Amino acid sequence: MQWTRMKEEVLAAGGCRVRGRLPDHAIADSTAGPGASGSGAVFFSNGKGRVRLPVTDEGPITLLARPDRRALLEYAGQVIAGEVEPVGLHCPRQAFITVTPACRFRCRYCTVPAQEERRRSIEECLALVEGVRDRVEAIALTSGIAESVEEEEDYVCDVVRALGRFGLPIGVSIFPAPDTPRRLHALGVVEVKFNLETATPDLFERYCPGLPYDRVLGALASSVPLFGRGHVFSNVIIGLGETWTELADCIDLLVGMGVVPVLRPLNPVAECRDCERPGPDLLDRAARHLKAKLQEAGFDGSGAVTMCAACTGCDIAPWRDL
Ligand code: SF4
């Protein structure tokens, strides 16, 4: 089976069973990073592409693991050989930290509001990175919104300042205040991700009540001249009721602005727990549309050094998977 199809099937299935013995540092920390919850995940790589595998008790896909990292991914009688990658914090090669794992907003697809954990202190963030320093090449920060968008921005800026001592590239994904792109850029942040989340403003209003869609678009537009094409990203969730035309239009809009869309299959959790995961054919169609648009525009996410476009574990990333 080709890598692309295997990854699409894995993402559509939402996880895999693990057999054998995993190597050290294989299980992703389920409390430090985005999407923190569940029983952990492992990352499988075929040398070029990478897929995040939430560990489940059942399902059609199996990972056969060995302590020396070599592994086989099996689905429908087909096998792909590769390796299990060691994780930094949340994903391989990065220390990806959720600064405030709580949120006063209630986006319907998100598990962060249910966690209501306390904000990580700057000392805790420093210790988290220190603990994985020998196996990461970048730092990524995301955050819920504890009090207000502006207060969260202030705090994340303080964390960025403190983490600068590691000399690693830092990427940040938070809900933007009007001045967020400029402030992060002035602090030396190299990449930003401001998530449009839904394909249309109407869906955004329905799934992210109380948050301004136009603010995200404005932040993306002002980020491109600062960080450069290929270093500004936006998650778009596939499977929230958008039509194909709406999804394609959203991809075209973002690429037209110089933004790399991260096409994220819906994970049916929180208030979306009864929704269906998008199937492999839709993921494939969306990724191929994105690839064509990026080729026309002359940029992509292949130069990303932080966050999801560098990791690509959860999405079909055209620059690595197609
Ligand atoms: S693609 Fe993004 S959300 Fe998924 S594991 Fe990688 S960094 Fe985390």
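**Strands, a buried cysteine and helix packing**

User: Which residue takes a positive phi in the hairpin of E2 and E3?
Analyst: The structure is a predicted model, in which local features need pLDDT of at least 70 and side-chain atom pairs count only at pLDDT 80 or more, while totals for chains, interfaces and linings use all residues. Residues are numbered from 1 along each chain as its sequence is written. The hairpin of E2 and E3 has 4 residues between its strands, and the one with a positive phi, near 105°, is Gly-47.

User: How many bridges join E2 to strand E3?
Analyst: Strands here are DSSP runs of at least two residues and helices are runs of at least four, numbered from the N terminus, and two strands pair if DSSP finds at least two bridges between them. In this pairing Phe-44 stands opposite Val-51 in E3, and Ser-45 stands opposite Arg-50. E2 and E3 (residues 50-54) run antiparallel, and the number of bridges joining them is 5.

User: In E6, which residue is the bridge partner of Ser-45?
Analyst: E2 also pairs with strand E6 (residues 78-85), in the antiparallel sense and over 3 bridges. On the E6 side, the bridge partner of Ser-45 is Glu-83.

User: Which are the edge strands of the open sheet of 6 strands?
Analyst: The sheet has mixed pairing, and its strands follow the order E1-E4-E5-E6-E2-E3. An edge strand pairs on one side only, and this holds for two members of the sheet, strand E1 (17-20) and E3.

User: How many of the 5 residues of strand E2 are buried?
Analyst: A residue is buried if 20 or more other C-beta atoms lie within 10 Å of its own, exposed if 12 or fewer, and partly exposed in between. Strand E2 (residues 41-45) is largely enclosed by the rest of the structure, because its buried residues number 4 of the 5.

User: Are helices H8 and H9 roughly parallel or roughly antiparallel?
Analyst: Axes are lines fitted to C-alpha atoms, for helices over the stretch in contact, and angles run from 0 to 180 degrees between N-to-C directions. Angles under 35 degrees count as roughly parallel, over 145 as roughly antiparallel, 65 to 115 as roughly perpendicular and the rest as oblique. The axes of H8 (residues 244-257) and H9 (residues 280-297) come within 10 Å and cross at roughly 25°. That angle makes the relation of H8 to H9 roughly parallel.

User: What is the angle between helix H3 and helix H4?
Analyst: Residues are in contact if their C-beta atoms, placed from the backbone, lie within 7 Å, and here Ile-122, Cys-125, Leu-126 and Val-129 in H3 meet Asp-158, Val-159, Ala-162 and Leu-163 in H4. H3 (residues 122-132) and H4 (residues 149-163) have axes 10 Å apart, and the angle at which these helices pack is about 45°.

Definitions and conventions:
Contact = placed C-beta atoms within 7 Å.
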